[in-house]
Every structure is written in C-alpha cells, then in structure tokens.
Amino acid sequence: MVVAAVMQRPSAAWQELHRICPARWPEVSVRTDHTMHIAHLMVTPTTIRPVCLWLFGEAEYHFATLVTEELDDTWHLTYVFYDPACHGWAYVELQQPLAQTSVMSIGDTIHAADWHEREAEDLFGLRFEGHPKLGEFVLHENWPEGVNPMRKQFDAHAPFAYHQQKTVWQPPTIVEAPGAFIMPIGPVYSDFAESAHFVIETTGEDMLRVLPRFFYKYRGVEKIAEGKTADHALLLAERLSGSSAFAHGFAFCRAMESLCETEVPPRARVLRSAFAELERLRHHVSVITGICASTGLAVAQAQGAIIEEDFLRLTAQVCGHRYLFGVLKPGGLTLAPDEQRLGLLRERVHALHTRLEELHTGLRYSSSFLDRLEDVGLIRAEVVKAFGLVGPVARASGSTADLRKLFRYGAYEQVNFEVPTETQGDGYARLRILFREAAQSMAIIERLLDDVPHGPVSAEVIPRAGAALGFVEAPLGATFHWLRLDAAGRVQRYRVSTPSFRNWHAFRVAVEHFSFQDFPIVLATFGLSNAECDR
Amino acid sequence: MFNWFYTGLKTGIRTTPYPAKTDAAPGVSPGRPRATRFDAQVATVLAMRCPTGALVRHQRGVDVDYRHCVHCSRCRRDTGSAVMDWSQDYDWGALGAQAERAGHRFRDIFGHSLHIRFLDAGACGACMSEARQLNNPYYNIHRLGFFITPTPRDADILLVAGPVTDAMRIPLQKTYAAMPEPKRVVAMGVCALSGGVFGPSFISAGGVAQVIPVDVLVPGCPPPPLAILHGLLLAVERTMPSLLTMRVAETET
Amino acid sequence: MNAVAWLHVFLILGALNVAAAVFLNGATQRRTFILLALLESTALLMTGVATFLTDTATLQPLWQFPSLGRMQLRLMPFSALFLMVTAVVFAASLPFAAHDSAQYARAASRRLFLVLYQLLYLSMVVVFSADDVLSFLIAWEIMSLLVYGLVLFEHSRPASQRAAYLTLALSELGSVAAIIGLLLFAALTGHLDFAGLRAGSGVLSEGARWVIFLLTFYGFGVKAGIVPVNLWLPDAHAAAPRSVSPVLSGATLNLGIYAIMLVNMELLPTNQTAFGLVALITGSVSALIGILYATTQNDMKRALAHSSIENMGIVIAAFGASLVFASLNHPVLAGMALIVALYHMINHSVYKTLLFIGAGAVDAGTGTHEMNRLGGLIRRMPWTTLFFLGGIMAICALPPFNGFVSEWLTLQTMLRAAELTSVAVRVGFALSGALLALTAGLAITCFVMLFAMSFLGMARSKAASQAGEAPHAARIPMAALATLCLALGVLPTYVIPALDEVTAPLVHAHAVDSLVPAFFGANAAHPHGLPVGFIQQFHAIGAQVGQTLLPGRGLVVLHPGGTRNPVVFAMSTGYTLPVLAVLFLIVYVVFRGLTSGRQLQRRSVWAGGIRHFSPRTTYTATGFSAPVRVLFHTILRPIVSDDATETVGEHFRTVIRRETTEFHIVDRLTLRPVTHTVLWIAALLRRMHRGRVNTYAAYVLASLLVVLVVGLWPG
C-alpha cells in the first residue's frame, strides 16, 4: 500500500527510462517500481558517471542525495534523482565489492553532488576519482587520518577519544593580491550564533573569497542511529535541527511508514500537515526576526520576537512542546488534540498572522531597511540549478520546486495552495518569499482544520527489513531521509540529506564580492541551520 | 521611523513577572515528569518506555533523573492508565558538582550586572533558540542586569549548550580560558549535562563537565527561557537551586 | 670667529672628508668619515649661528668671470636658516650612510657613494649661499646631477633605473623652466647678482612678473614636490638607497622652498594677490593629494615620500598665504604666515629625517620596507620603535611634539583671512583651510597605519620575525632627532623670534609680537592689544596661572572680533607639557589606587576560538587603508588590471587573482594624455609608412600639389 498518495501520474518520459537507458548503455539494467514511481537504474562502475550526467543534464532530473551503504561485503551506492516535471524517481544504484574503494566522481560536474561525495570520502574512505577537492571536510584536523567512522567495524559507542594532533589546520588561501589577508570569523562569534568558521579573504574593500568551514557540530547522528530501534532513532531525527524538528521527524516517519507499508489514519495525516505548517510559520517568523536584527532594526526585531514567542507558546499549548518534540511517532501522532485545542490553534494562528502582516507592511515602508537587502547576496537561477539549491533560497531565485506540490504527500493533496516564487534572487526577494510562504502556511492550516477527519491518530507499524526514502519539504527546503532496517527492526543505515547542507554550499556565491557589512545580512536572509547541515 | 516608534509604544509591556512572581502564562514551559508512585509492575513498564533511561524504577514508584530526561512524553501518552505526573514548572536550575567555591563573592560583584557569553558546542538549535528568546520583550533579561556579550573577554558567565563535539572541544576550552576570573559556567540542555540523545559517543564528549568545570546545570530538552533564566539567577546566587533527580520519597513530604 | 671663517672651516673639512672617502678604506674610512661629517656639520651650524648673531648679510667673492661678472657667496639670516637645517639633517644622516655603505661589496662603490654623498652636501651649501644667478644655477645643476647619481646608485634594480631617469628628466625640465625664468629676470634688469636683481625689480611689467613667477614657481617646485610636477618624488625617494632617502626628503626638498622664496619674495617682491592664491591653492591641493596617496601605500618609504609632498604642500600653502597678506597690506599677517611656513619646513626636515632613518634601519634589519611583510618589530627593535614613535607623533601633529605647533599655527593663520575684504580671496582661504584640515585628519590615519602595520601586531614574514636592532649609527641620530622634535614642540616661543629675524627683512614687519606675547598681555606696544576689561576677566579665571613659574611664553593668535570681545586663540605647548605630565601622573596614581590588590590576569589573544592564529589573519596596510580608498575613489581611481579566477571543473576555484594598478592622479591628468597623444600620432605616422613605392610617390605628389597651391595662391 502506498503511503505517499501520489496524485500525478509520472509522465511518459519517466515511463521510458527502462527503454532509453539500456539502449544507450547496454550494461545498465532498469527495474521499475510502478507503485512508488521509482526507476532503479543498476549501473556498473564505468557507467555510473555517464548515466548520472545524462539524468542531470539532458533529462533535467534533480539530484536529491547520495546514499552510501556498506552491506555485508558490498558497497551499495544509491544516487537519488527526481524529476520535478514528471514526478518520478530515478535511483542510480551501484554495487561493488568492499575492497574496491574507488568510484568515478560525478561531483566535479554535477556540483550539487560535490559535498555529498566529499562527505562520503571523509566518513567511509571511498575515493571519488576525478573529484578536484577531496580531503578534510567533516572530520577536522584533530581526527586521525584513515579512520572512517561510518564503516561498520567502527564502534560508535566507544568512549570519546580525543586525538590531539600536532598538525594545525591552515586555511587554504587562493587569493593572490597584494596586501590580501584573511578575516577569520568564528567558530565562536556573534551574540548567538551556531558554531561555524568562515575564512574571508580580502584586500579590505570586498570579500574576494569566502570559505565556510562546517561540521564543528558533527554529532555523528547517522552513525549513532545505527543499531537503535526506530522509536529511539526518531529522537535523533527530531534533534537534527531544533528549528525544524517536526519536519525531520515527519520525514523519518514517512520513510518508516513507506518501508513498512503502513497506512496513516486520515486524522493523523491532516494534523501532521497542519503541525508541519505551524512549524514552518514559526521558523519563518524566526528567520524574519533574524533579518531585522541583522540590519539593526530594533523595534521590528522586537515585534518579530514577540510573534515568535507567541507561536512557541501556542505550539506548547496545542502539542505539549514548544518545538514539537515528541509529537510524532511512526504510524501517526502520539497525541490527539481535542476540538478545543484545535479551535485555539486556528484562531491564534490567524491572529498571529495578522500581526505578521502588520510587521511586513512596516518593513515594506522602511527604506533604510530595504536598502540593506536589495541587490545584496545575489543568487542567480543558474546557481540554483548547478548547486541544487532548495527551499526559500531557491524559490527566491526563480525555482518552483516544492515537494509538497510536486509529490502531494500527506494531506497536501487535499488543499489547494500556491508555491510563491520570486526571480530577483537578492536578500529582499528571500524576505518576500518568507512572508508569502508564511501566508500560504496560515491558509493551509485554516483549510485543514476546517474539516479534520475523526478517528484514531495512529496506526500500528510492524517493522520489517528493507530500505525506503522519506521526503518532506522542511521549512528550509527538501529533506530526504533514507532508512534501512534489519530483520530485527533495528536501524541498519540512516542517511539524511538536509536543506541546510544543500544551501550552505552556495552561501559563498551569494556573499562574495559584497562588503563586510553585508555578511551578517546575507547570513540572516539565508536563515540556515548549522545543526541541520552538520548532523 | 516614527512608524516604528509608534508601533513600539502601541505594543506596550509584555514582560514576564518572573522572578518577582511566578509566570503562569500557558506555554512558557513544556513541563517535565515528576517522580510518581506506582506499584512495582507498572513502574517497571514505565521505566522501560523511557528511551533515555531517565526514569528509574523504584520500590514504590518511578524516580526521574533530569540529567537524561528529554521530556519526550513517552511516559504520559499511549501508556494506558499509568501516567507519570507532569509538572508545568520551569525553575529547573541545579548546582554542579563543584559549585561551592568559597570566597568568590560572586553575587557581590555580579549580582546586578552580569555579562554572558553563549557557546554552541553542538546543540541542535532548539537550545540556542530558547536562549535567544531571553532577549525578546517577553523575557528581557536586561532588566535583571544580564547582558549577552560577543566576546569572552567581557564575559562573567559562559552559557554552553550541546554535548561538546570533538571539533568544539578546543574552542570551548579556549573560550573558557579567555574569560577573566571570577567566572562561572552554566550548562543548559540535557545534551550539555549528559550528552542527551547524542552521547557520549565517538565524537561527542557527553556533557560540558567532561571538558571544563560546570557550576550550574539547567536540564530540559530544550530548557524553556524561564528555566535558563533560573539557571542564570542561580549562578549569581539570586535564587534557590532545584535538584537534578527527583525521588518518590520526596513527593510524600 | 665670524660666519665666513666658519664657512671656510666647513668647506675645508668637507674637502678633507672627500679625501678620506677616497683614500681610506674599511672601518677606518667609516670612522673618519663620521667624525669629519660631525665636525663639518658643527662648523656649518656655527656659520648659521654666527650669521644670526651678526644679523647682517656677509659677502664673500668667489671668482670673476670676464664676461659674466663677479661670482660671490653671501651669508644672511634667510640662507643661514636653511644652512642650519641642512647641517642638522646631514649630521644625522651621514653616520648612517657611512655605516650603511658597508653593504656595498666593492671598495670603489663605497668610495663613490660617500664621495657623491659628501659632494651633495657641499653643493647644497653653495646653492644656499650663492649670491648671483650664475653660481646659483651651476650649484643647482651639480646638486641635481648628484641627486640623480645617488638615486641611481643601486642601479641593478629596475625600479632604481626608472626612478632615476624620471628624476633626471623632471628635474632638468624644471631646471630649464627656472633658468629661463631667472635669465629673463636677469635680462630685463640687466644684472646677474642678487642685489642688482632686487634693485632693478621695480621696472618689470606685470606680464613679465607673471612669466617669471610661473616659470620659477613650478620650475623650482619640481624639487619641492608640489603638484603637478612631483611625479618623480615618490619613486625616487623609495628607490634611493636607504641612507640617501633621509637627505633627499629632509634637505633637498628645502632647496625648492628656498629657491621659490628667494626669487618670488626676496628678489622680486610682489603686490599681486593672484600669485599668492596660486601658491596657496597649489600647496593645499599638494597637501591633500600627498596624504591621500601616502595613506594608500603599502611601502614605508613610498608612504613617507608621499607624505613629504603633503608637508611641502602645507609649507607652500602658508607661503602663498604670506604672499596674499603681503600684497593686501597686512605685513604682520604676512610675517606670521611666513614664520609658520618656515617653522613647518624645519619640523618636516627633522621628523622626516628621523622617520626615513627609521625606515632605513627597518630595511637594514629585515631586508624589506613593504609594510605587508613587516609587523611586530616592537619586540625586535624596541629602541628604533621608541624613536620612530616620536617621529610619528610629531608628523601626526600631536602635542607636545613639533608638528602640532606648526600645523596649529598654519590653520590659525588661514583663519586670519577673515580680516581680508575680498570675498574671492576669503573663499580661497576657506577652501585651502578645509583641505588642510582634511589633510591633518588623514595624516593621523596614515601614520597610525604606518606605525601599527610595521611595528605592532604579529610579524608577517620570517625576515620581520628575525629582525635585528638598528646600529648605533642610526639609533643615536634618531634619538637626537626625536629629542629635537620634542624641543621644537615645547619651546616654540624661542624658535619663533629667531624665525622672525629671517622673515622681517622679507615682509618688512615683525610678527613675533603678535605670535608670542605673554599670555593675554597687551600694552601699547602691541598693535593688536586686548581691551583691559577683557584681560582682567581672563585673569580672574586664572588664565595667567603658572606664567611666572615657567620660562617662555605662550603662542597667542588674536582675531579681531568686536572691540570689547576679541577672539583669542592662545596655546602654550611649554605649559601644556607639564600639565599633561601631571595629568598622566594623576591618572596613573588613581588607576593604581583603584586597582591595588587586584590581580593581573593574562590570556592569549581571542580569535573566535580557532586553534591557531596566524599572521595571515591579521590586518595588512592594504586592508587598513581600504576605507580611504573607497571614500576617495574618484581621486585615486584604482584600475583592476587583472581580476581572474582559475577553476577546475566549473565551480572549484584554485586561484583568485586581483591586481590593481594606480596611476597617480597627476600622471593620469598630465603625462598620460601627452604620451597617449604622442603614441597615437606615432601610430598614425606608422600607418602612413606602408613601405610601398607607389604610396611614397603619392605622398611626394600630394606634397608638391600642396606647395604649388599655397605658393601660387593669389595675394
């Protein structure tokens, strides 16, 4: 039984994959799963690159994630692509013996896969032949060379072993200009900021090159999830990023339900979507507040912070937790809010959104504020495509991709809503997207709550061995959770591809060639989460 | 600009009465389980339900260890008739193992003006979000003489969230070392207390106390703003500490 | 001994020193050279002192040319002042030069270097004491060639060659203009000696005066480094050997000032306000452009050289103000302005010599004067740093150092334009004053950068981290000059009367009484006396406190407001120094009292928690001056000549390269259009030369036709 009720039929182009690919590359075999709309393209080490390049280029598929798995004595690499036009999936799957650790790189051409390959190289010890920039990425200089924590034989629960190395990381400098110097930011910086390090190379006027260094917050979520039951792993999914906990929990549950073919009761489906939109609303208010703070607009910041806190309190009143932790469970929800609480939710969301619109009006008429955002932090449409950007950042630069609309999962098939798009790609476009998406979220909540089906809020999930992908449009964009359970119902592999991981990749493009004082503003308009990126 | 001025005035005062009075507004705290009396069989089932081992089965019921409790609600939802008591309080701050440092006169020096450096040692973002709320008009810690500072040079208190990842270990030590004496450390969130859901593991130290001495512990996942405020007030000895574990025997009195 | 006798002693010692340089070798050569240099400088100083004491012009005939008349030297307070400054600059620089000559491997090079150096000294003295056009010009040309030789001395470096040729070309261009101007002057008056010129100057027409003024002002201005004829200066001063730069900046620039003042004030007194305005505007614009380019340099010596343009601009502006005041019948104000000009010139010579010796010592210790490769020298060269800081404070015009006095007085003198009636002139003064004030502000930015980037922070190169302290031959002169900076700053009330002796014959009035009276002391002797009631009010609030305790008096600049309430600006650096000292002491005592019993805690530098803080992550001079570059983009207009990114694949960058070139605004507006035009014409001509016989035949035919048509045209 299909969990994700797919409304659209995949187009003929997707239907043809099983014919086109073997015709072009005789080594490639295609197995099509017509219920899930997944075409499994079984490739060989030599055909992996041409097939992926063809999918990304000619066939215009989007790159979702790279899943690296070590199963028994075989590497299983799954390159997940989806076609935003025809609503179908293409899993490019490669299997090779463990001893063979080299794979042809696609990241040198498909830039969206760059970080995925670097991560896999660092954590698994796979060598991606032809990738121009491998080396230290997730694990910093104090981690010993050649120890790959994602390998099966590595014990995740061994006590924290701190490896003090003599080598000191020196930021690689690529700017050649007289008097060029490095402006280091972080990892501990600003009043409240998630830990990350930025190397800014400059001659003083503008930022010639920005090199962000992440994974200061690498908590090894994917590794420590292994061997846990789904119920425990859900705790980790929720804590990937506190600011979009529900979205990640949702994606995890969807992967689980998809794998175990569980039908979520209608009431739970509606409420899940309503809560996801509630979280999106709060998240966007928080980012808007951050943008006001970055430009020093104190009253607007205070107004935004009041609305944010009101949302947090409302969430706690309706769901029992300010950040929606502990609300989800595979198969449904843990709690069944009564009509009175749902009434409160509906009424308060409307009132709060009215206040948010007032804030929007105020900001629209503050020219000094707009001056700081307009034409700052530009992301062009080509960059969205090349870097595979997702979420509000992509939609402010002309992208229309939104998994809610593309795949109509959960209760999104029941409501009509719009995916706002802007084309300017600057800071102000991103701000407008946030406000417009907040308005859509409010409308979705109202429509969903108009007619909440009655009945149970959860169904029983019977774990079984296998793997499935759960995907959700998180507040920051598309997130993909790959879950593989063993026969005992324990997690064998949990792979998360988050929107922040995607969008941080292109942050440097937006911020370079602007002056220092624009840095915090571009940072705020991206509104990304390092916890979500680093995992 | 006048528009903003007017908007500010129109909004009026929103600030919480805490710490002078208890703040009873709905939603300021997610609440947490209290030690509850059960018979032994039920207690065993409930303790088993806890994914983090915060519930400890006891002869007369279930004790709660707040260093591990992430208030995931698994002990109060879908449990049939046996439900843990749930308190909606927020004064959760407790003293660390080496809190009693005599002769520092910390309160005399910093009782009315205190600078806080926040440090993210691998937190999921919810803790930071809650700490950031301290600056919003609802909590407005400036009225208590608390200020957030961007540099540890000016800081009297280090407010740390997160389980302390491998990469953040040295920055944490450096930040602590850069602060002038006398100084105190407040660890907020279950991750910073025990590693929470993340650790201890190969990459996380499993708590701030593994790396630097900690004076005040604020449990919660995440601790709501008022709990953090309680912890900060506790660090300057302006309020009474709470306890990290709650036993059934204590509920009887 | 009289002045002429001392001058003879100087010349003999100078000749001996040349001999010492030629015939001795090694350490003996250096020691003898230093000893003789100090002795001859003392003799020259005594020449000046003796001239001041006698206070009259002394003439000394040199030789007689049958057709050209008598050539002679003269000594008078005006030239004696320049001689004394020259003596101080050379006394400070020659030991460093002698010590530093050891860097040249070949003995012949060392000899040649010291001989050139010594000859430059002698030729300059002759320029300052010449009393006729011919000997003046001969000495001037010799001096110019010696400067060329010294700039070219380290000719193996391409930069030196380019700079030397530019120096030669522009000085000769200037010389030719000045010679034409002077010869025109001589031809019109019929005299070659200065006395004759002065006596005959009355007959000159206004047009002739204009021509002579413009030719000599900009001709000699080449040496003084005023816009637009200063292109050579930064290159030459930066490329010159490190022990030559102090003299180039501290002494040879003064030659330009001397020559301009000599011709346009002493020999050809003017009543043209326009001359003064030209000098005023040229000076202020030079000052601003000089400091702007100084601020944006990455090289210590280049920055110092550009700053010389700035300081000379201030001197020329004050000189221009003096001309304006003189032409509008304000002789006292003219005297004030001229005193200020000379005071600033002296100050500049002292602190710039100090700073260039410091830069030379840094160069000697680290092998570079590129600020982006220095840093942290305070730990390696503490004494150099201390003395250099004195020079920096002086050039930033911070009290109690000398730069403050002359810059304060310059701005005050500019404000006195309020007493003039012409609106146009007042506007000119207001604009110049604004430019000079902006210059003073930028100077602080510039020299904070110069000092901080070189001496503070972390060493940005291995050479800087292993620098050695400067030799005694540099350190002792620097200490002496720093002390002199302080003395000139604290005791202006003793310097100004001496300068008044110099200026009084030129402007026919004594300005000293209006600059250095007793604080608020006014009596009938003072033309700008204060109302009695006004003085009493000031006395009542204690404005005279300390006057009887401390020697010296204050500097007072009086602006006539209403008769009851004149506007007074009074200042005494002599009093300020003890007051500042006491204030610092009080603050220190209070600080110690408040912090007694507190423990000092030392922590490492906070760098955001990164593990290692490298020199690459500290500010460079380029970064420091970036805001100035952005603000004054219109003037500086840097051209990004190469902004390239090399990538692997489409998005992986391996190199981001940015090269910017700056064409100096003067270069951009004057030389470059000329060279472009010439090149364009040359290109056109080349296009005509196609090398085909037919084409040439056509040219010949066309020329013939043109000639015929022109020749046969009726009428």
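## Stop one: the largest cavity

The largest cavity holds about 230 Å³ of space. Keep in mind that you are looking at a predicted model. To find the spot, select Trp169(A), Arg213(A), Tyr216(A), Ile610(C) and Arg611(C): of the 22 residues lining this cavity, these are the closest to its centre. Now colour strand S9 (181–185) and strand S10 (197–202) of chain A, plus helix H5 (169–178) of chain B; these are the elements that give two or more residues to the lining. What kinds of residue make up that lining? Colour by type and you get 10 nonpolar, eight polar and four charged residues. And how many cavities of 30 Å³ or more does a search of the whole structure find? The search finds 13. If you wonder how such a search works, rolling a probe the size of a water molecule over the atoms shows where empty space is left.

## Stop two: where chains A and C meet

Show chains A and C together. Here 42 residues of chain A are in contact with 30 residues of chain C. The area buried between chain A and chain C comes to about 2900 Å², and carbon and sulfur atoms give 56% of that. Next, pick out Ile174(A), Glu176(A) and Phe181(A), which supply 19% of the area that chain A buries against chain C, more than any other three residues.

## Stop three: a sheet in chain A

Hide everything but chain A and switch to cartoon. Look for an open sheet of five strands in the order S1-S2-S5-S4-S3, with mixed pairing. Which strands sit at the edges? They are strand S1 (29–33) and strand S3 (62–71), each pairing on one side only. Neighbouring strands in this sheet are turned by 20° against each other on average, ignoring direction.

Zoom in on strand S2 (38–43) and strand S5 (88–97) of chain A, a parallel pair joined over six bridges. Click Leu41(A), and its bridge partner in S5(A) turns out to be Val92(A).

- Helix H2 (17–24) of chain A lies across S1, S2 and S5, running at about 170° to S1(A).
- Helix H4 (114–124) of chain A lies across S3 and strand S4 (74–83), running at about 15° to S3(A).

Before you leave this chain, select Phe215(A), in the loop between strand S11 (207–213) and helix H5 (221–224) of chain A. Phe215(A) has a positive phi of about 65°, although it is not a glycine.

## Stop four: a sheet in chain B

## Last stop: two cis peptide bonds

Go to Pro222(B), in the loop between S11 and H7 of chain B. A cis peptide bond joins Cys221(B) to Pro222(B), with omega about -10°.

Then jump to chain C and find Pro400(C), in the loop between helix H15 (382–395) and helix H16 (402–415). Here the cis peptide bond is between Pro399(C) and Pro400(C), and omega is about 5°.

Key: Residues numbered from 1 in each chain as written. Chains lettered and ligands numbered in written order. Predicted model: local features only at pLDDT ≥ 70, side-chain atom pairs only at ≥ 80, totals over all residues. Heavy atoms only, no water. 1 Å grid on protein atoms, 1.4 Å probe; cavity = no way out; pocket = protein on both sides within 12 Å on 5 of 7 lines; lining within 4 Å. Points joined across faces, edges and corners; volume = space filled by probe spheres on them. Helix = DSSP H or I, 4+ residues; strand = E, 2+ residues; numbered from the N terminus. Nonpolar A, V, L, I, M, F, W, Y, C, P; charged D, E, K, R; others polar. Pairing = 2+ DSSP bridges. Axes fitted to C-alpha atoms, helices over the stretch in contact; angles between N-to-C directions. Contact = heavy atoms within 4.5 Å. Buried area = accessible area lost by both parts, 1.4 Å probe.
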